[in-house]
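Hi,

Here is the structure I promised to pass on. Have a look at it first, then read my notes below.

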Amino acid sequence: MSLSGFTGPVHISADDLFAKLQTVLLAQYQGAVMMERSEKHEIIFTFDGHIYDLILHDDNTFSLWWRRFATESASSSTAK
């Protein structure tokens, strides 16, 4: 699991960011991305075996956590 922090140039609401990301990511990756929102202003999306958590903060910054699906490594170790 990894974490990176970022600062945005302007304040954007969680609703607006979700709508913009959803439009861009779904168009770019043609449905290969799944997105959802949590109640804590987090945007969670999955793509290419990874889960990304975009966490918005009140000071116009955000954090991005990412990790690989655990089921991939578990299924490969049980297949032997």
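Let's start with Asp-53, which counts as buried at 11% relative accessibility (buried means under 20% relative accessible area, exposed over 50%, and partly exposed in between, using a 1.4 Å probe and protein chains only). Before going on, note that this is a predicted model, where local features need pLDDT of at least 70 and side-chain atom pairs count only at pLDDT 80 or more, while totals for chains, interfaces and linings use all residues. Residues are numbered from 1 along each chain as its sequence is written, and side-chain values use heavy atoms, with hydrogens and water left out.

What does Asp-53 form with Arg-67? A salt bridge, with the closest N and O atoms 2.6 Å apart (that is, a side-chain nitrogen of Lys or Arg within 4 Å of a carboxyl oxygen of Asp or Glu). Asp-53 lies in strand S4 (residues 50-56) and Arg-67 in strand S5 (residues 61-68), so the pair ties together parts that are 14 residues apart in sequence. Helices (H or I, at least four residues) and strands (E, at least two) are DSSP runs, numbered from the N terminus. Arg-67 is partly exposed, at 24%.

The whole structure has 2 salt bridges. Arg-37 and Asp-15 also meet in one, at 2.4 Å from N to O. Here strand S2 (residues 34-37) holds Arg-37 and helix H1 (residues 14-29) holds Asp-15, so parts 22 residues apart in sequence are tied together.

There are 2 aromatic pairs too. The ring centres of Tyr-29 and Phe-47 are 4.4 Å apart with planes at 45°, so this pair is tilted (centres must lie within 6.5 Å for rings of Phe, Tyr and Trp, its six-membered ring, to pair; planes under 30 degrees apart are stacked, over 60 edge-to-face, the rest tilted).

Cheers
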